[in-house]
Amino acid sequence: MVGGGIGGLTAAAALRLRGWDVIVCERAASLDPVGSGLSLGPNALRALDAIGVGQAARGLAAIDGVSGIRRYDGRWLVRADVTAPMLKKYDDLAVIALRSELVDLLLSRLPEDTVRTSTAVSAVEPETGTVTTSEGALEADLVVAADGVHSGIRKALFPDHPGALYSGSTTWRFIIPEPGHGFRTTESWGHGDVFGIMPLSGKRIYCYASAVASAGQTFEDERAELLRRFGWWHAPIPDLIDAAEPGEILHNDVYWIAEPLPAYHVGRVAFLGDAVHAMSPNLGQGACQAIEDAVVLASLADQPDGLARYTAARLPRTRMVVQNSHRVSRMVGLRSPWATRLRDTLMWGVGRLGSAAVIRQTAPIFEWSPPRLSIR
Ligand SMILES: Cc1cc2nc3c(=O)[nH]c(=O)nc-3n(C[C@H](O)[C@H](O)[C@H](O)COP(=O)(O)OP(=O)(O)OC[C@H]3O[C@@H](n4cnc5c(N)ncnc54)[C@H](O)[C@@H]3O)c2cc1C
């Protein structure tokens with residue numbers, strides 16, 4: 001396994017269940033995960049069920065009650081109680097967890113010596129499975145490239161692919177203690193800017209923001225930049241930003257894979273997660289799709305033509321999710337006043353159709369079931 005992100009760790013847990021001996025090479029010195037929240041849809045929760053951590057993940061937190069989309073001035077565009085229709089349609093809710101909590105759950109399924117930190121992979125030989133790492137060479141029957149959006153293995157094995165492109169949006173994330181009661185999951189839209197609020201378990205709030213901006217900008221004081229952009233938006237957004245620790249605000253540009261790879265495997269190498277289908281975060285599905293990949297890969301990797309079947313199963317589905325995410329990213333990134341007014345009116349119309357209609361929009365993504373993982 002190359003990469004100890006959520007994709008790599010899920011694949012390690014799933015392959016272990018199927019009887020593989022697994023080593024995870026992670027170039028970072030520790031698995032201290034990015035300090036942020038993560039939404040897990042019912043599709044990802046079912047995949048986590050397949051490796052025995054679904055119930056524990058559901059226990060981390062859940063969206064319930066009213067959630068929706070607002071305008072920057074606070075007017076509701078979509079306001080829906082999604083609990084009943086979600087339970088009716090999926091027998092499940094989406095979960096908002098801390099990344100670190102999910103990482104801990106996945107690690108709990110692995111023997112202690114599985115993850116080798118400070119171990120960077122510099123080359124992979126797809127025909128033989130030889131992996132060159134900073135700590136020496138390894139021989140593998142299967143190499144899983146879960147090395148993220150700027151995957152070096154993807155660049156080496158698909159040299160003609162244009163790679164990940166800047167989406168045009170930059171994002172901020174931070175977690176604060178809940179400053180009161182009654183916080184709901186909401187996303188507020190402005191003219192190209194977005195601010196999201198997600199309550200977490202343990203009286204904490206996960207906030208995220210995105211803005212249309214040129215790539216590579218950093219700010220000496222990220223909180224001051226957030227206040228400049230969102231400090232005049234509806235309550236409680238300015239107060240939430242005020243409560244953030246400036247040094248703990250994550251700021252990342254968003255890259256995505258616009259042109260699909262021709263395959264998700266080469267020889268003994270299988271790719272998963274952001275390495276092959278990085279997407280904008282607007283549907284909250286990047287990690288969910290990596291989790292789906294991991295379980296499907298584990299179900300097929302030891303079968304005849306297993307990796308070709310893996311590509312056939314995963315490429316069309318993840319492509320659909322990448323494209324849907326990109327469409328939403330473009331919609332929320334609209335900046336001109338007339339276009340945002342039209343968009344907001346359309347969203348308001350969708351909201352008037354009721355929560356069941358809102359839930360129906362999610363069906364192509366959430367209505368997915370993992371293969372059965374027969375345990376070895
Ligand atoms: C603002 C934002 C919000 C998001 N919100 C959500 C959400 O709510 N729900 C959701 O499902 N997704 C969300 N995502 C997407 C999600 O974070 C990613 O899709 C997911 O983390 C990808 O996991 P991965 O394991 O494929 O890659 P990564 O998490 O990038 O892991 C790759 C790992 O490989 C390691 N690595 C790289 N190269 C090497 C090498 N040569 N040798 C060894 N190790 C190497 C890296 O250090 C890293 O640990 C969000 C993304 C952003 C930017």
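What percentage of the 376 residues of the chain count as buried? The points below begin with that question and then turn to individual elements.

1. Overall fold. The structure is a predicted model. Of the 376 residues in the chain, 45% count as buried. The chain holds 14 helices and 17 strands. Its radius of gyration is 21 Å, close to the 21 Å that the globule rule gives for 376 residues, so the chain is as compact as a globular protein of that length. Along the principal axes, the C-alpha atoms fill a box of roughly 60 × 45 × 40 Å.

2. Contacts along the sequence. Considering contacts between residues at least 6 apart in sequence, 73% join residues at least 24 apart.

3. The three-stranded sheet. An open sheet is formed by three strands in the order E10-E17-E16, with mixed pairing. Strand E10 (143–145) and strand E16 (265–266) stand at the edges with a single partner strand each, so one side of each has no neighbour in the sheet. Between E10 and strand E17 (residues 269–271) the pairing is parallel and extends over three bridges. Within this arrangement, Val143 stands opposite Val269 in E17.

4. Strand E2. Strand E2 runs antiparallel to strand E5 (residues 95–98), and four bridges join the two. Leu40 has Val95 as its bridge partner in E5. In a regular strand, side chains alternate between the two faces of the sheet.

5. The ligand shell: residues. There are 34 residues around the ligand, of which Gly3, Gly5, Gly148, Gly273 and Gly286 come nearest. By class, the shell divides into 15 nonpolar, 14 polar and five charged residues.

6. The ligand shell: elements. Which elements give two or more residues to the shell around the ligand? They are helix H1 (6–17), strand E2 (37–40), strand E11 (165–177), strand E15 (250–256), helix H9 (274–277) and helix H10 (286–300). The largest share, four residues, comes from H10.

Methods
Residues numbered from 1 in each chain as written. Predicted model: local features only at pLDDT ≥ 70, side-chain atom pairs only at ≥ 80, totals over all residues. Pairing = 2+ DSSP bridges. Near = placed C-beta within 6 Å. Nonpolar A, V, L, I, M, F, W, Y, C, P; charged D, E, K, R; others polar. Rg over C-alpha atoms; globule rule 2.2 N^0.38 Å. Buried ≥ 20, exposed ≤ 12 C-beta atoms within 10 Å, placed from the backbone. Contact = placed C-beta atoms within 7 Å.
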